[in-house]
Amino acid sequence: MRARSFDATDDGRLTQEMKEAYLQDGFLILRGYKTTGECDALRERMTALIDAFDPESIASVFETGAQSHARDSYFRESGDKVRFFFEKEAFDADGKLIRNKHEALNKVGHALHDEDPVFEAFTRDEKMERTAKDLGLVSPLLAQSMYIFKPPHIGGEVNCHQDSTFLHTEPLTCTGFWFALEDADETNGGLYGVPGGHLGPLRSRFHYDGDGLVMEKLDDTPFEDEDRHAPLVAPKGTLVILHGKVPHKSAPNRSPRSRHAYAVHMVDGEAVWSADNWLMRAPDKPMRGF
């Protein structure tokens, strides 16, 4: 099964065919949305941020399991900051970092779009705003951003999930904008999505219950079988848009190639942000739009 894709328009507006594909599939693949130069500028900026980062200052390992998140205040408090999260396999059995820091990170998040001028310029542009509004987001707000590395050989698997599990509004409006900063396909840990899977229920919610984070089951419907997951092949510069309820995942990267990507999640300011969401921001750093 191959997912359909389109050449992006110059101004970010969506054609009727694109809108219909998104409504049917729950995702939309737009080739050439960002230029090679724009992608390279983001990668160069991240290289500079890592150069300035001292791994000895933290030892946070990002895992997709909710219990790991719940124990990690470094993660909990990252909603309005720029923080660094390692791959699990970057450490030996004694917890010693055994990889070069540039090849040891899982991601950097979750407020690059607010806290770094290069990432803000990439994110807050009129083209992206037009696309978001054409998707139906009346007042798009930028909830979080992540630079994702998928380093060679040790890039970890991301299990099948729905983004509205983690960024919940009433009604549901979470929408993911995933940019391929390098070619991403089945060979280096690329994305997979379930066409039409967004028409099913939201299975769970990850949220605060008192002082603790919990994964609450909302619906027992299992995720679709493996043969329903289509590879979302994304050449460098491609934007993959993900509906908040579409089940998607990424495979581990055991190849010698990295798979850098930048992901932004938006919600509609017309919806009600769930106060118990894991992602919290300081009162003087509210979510902003474009």
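# Briefing: helices, sheet and cores of a predicted model

In helix H7 (residues 126-134), the buried residues are Lys-127, Met-128, Thr-131 and Ala-132, where buried means under 20% relative accessible area, exposed means over 50%, and partly exposed lies in between (1.4 Å probe, protein chains only). These residues share one side of H7, because they cover an arc of only 135 degrees around the axis, the arc being that of the directions from the helix axis to the C-beta atoms. The model is predicted: local features need pLDDT of at least 70, side-chain atom pairs count only at pLDDT 80 or more, and totals for chains, interfaces and linings use all residues. Residues are numbered from 1 along each chain as its sequence is written, and side-chain values use heavy atoms, with hydrogens and water left out. Helices (H or I, at least four residues) and strands (E, at least two) are DSSP runs, numbered from the N terminus.

- Just after H7, Gly-136 adopts a positive phi of about 110 degrees.
- Arg-124 is located in the loop between H6 and H7, and it counts as buried because its relative accessibility is 15%.
- The side chain of Arg-124 reaches the backbone oxygen of Arg-288 at 3.5 Å. A polar contact is a pair of N or O atoms within 3.5 Å; within protein, one must be able to donate a hydrogen and the other to accept it, and residues adjacent in sequence count only if both atoms are side-chain atoms.
- Leaving aside neighbours within four places in sequence, the contacts of Arg-124 are His-113, Asp-114, Leu-142, Arg-288, Gly-289 and Phe-290.

**Helix H1**

- Met-18, Ala-21, Tyr-22 and Asp-25 are buried in helix H1 (residues 16-25). Viewed down the axis of H1, the buried residues fall within an arc of 100 degrees, so they line one face of the helix.
- An α-helix has 3.6 residues a turn, so residues three or four places apart point the same way.
- On the face of H1 turned away from its buried side are the exposed residues Gln-16 and Leu-23.
- The buried residues of H1 pack against strand E1 (6-7), strand E2 (27-31), E8 and E13.
- Just after H1, Gly-26 has a positive phi of about 85 degrees.

**The eight-stranded sheet**

- Eight strands form an open sheet with mixed pairing, in the order E1-E2-E13-E8-E15-E5-E4-E3; two strands pair if DSSP finds at least two bridges between them.
- E1 and strand E3 (82-86) are the edge strands, each pairing on one side only.
- Strand E4 (residues 105-110) is antiparallel to E5 over four bridges. Val-108 stands opposite Tyr-147 in E5, and Gly-109 stands opposite Met-146 in E5.
- E5 also pairs with E15 in the antiparallel sense, over eight bridges; the partner of Tyr-147 in E15 is Tyr-262.
- Nine of the nine residues of E5 are buried.

**Helices on the sheet**

- H1 lies across E1, E2, E8 and E13 and runs at about 140 degrees to E2. Axes are lines fitted to C-alpha atoms, for helices over the stretch in contact, and angles run from 0 to 180 degrees between N-to-C directions.
- H2 packs on the sheet, where it touches E3, E4, E5, E8 and E15, and its direction makes about 65 degrees with that of E5.
- Thr-47 lies in helix H2 and counts as partly exposed because its relative accessibility is 37%.
- Thr-47 and His-102 are 55 residues apart in sequence, while their C-alpha atoms are 7.6 Å apart in space.

**Nonpolar cores**

- The largest nonpolar core has 56 residues, and those with the most contacts inside it are Leu-28, Leu-30, Met-46, Phe-177, Phe-179 and Tyr-262. Such a core is a set of buried Ala, Val, Leu, Ile, Met, Phe, Trp, Tyr and Cys residues joined through side-chain atoms within 4.5 Å.
- Helix H2 (residues 36-51) gives the most to this core, with five residues.
- A second, separate core of 17 residues includes Leu-191, Leu-232, Val-240 and Leu-242.

- Strand E10 (residues 204-209) is largely enclosed by the rest of the structure, because five of its six residues are buried.
- E10 pairs with strand E11 (residues 212-217) in the antiparallel sense over six bridges, and Tyr-208 has Leu-213 as its bridge partner in E11.
- Two residues separate E10 and E11 in this hairpin, and Gly-210 in the turn has a positive phi of about 70 degrees.

Key. Contact means heavy atoms within 4.5 Å.
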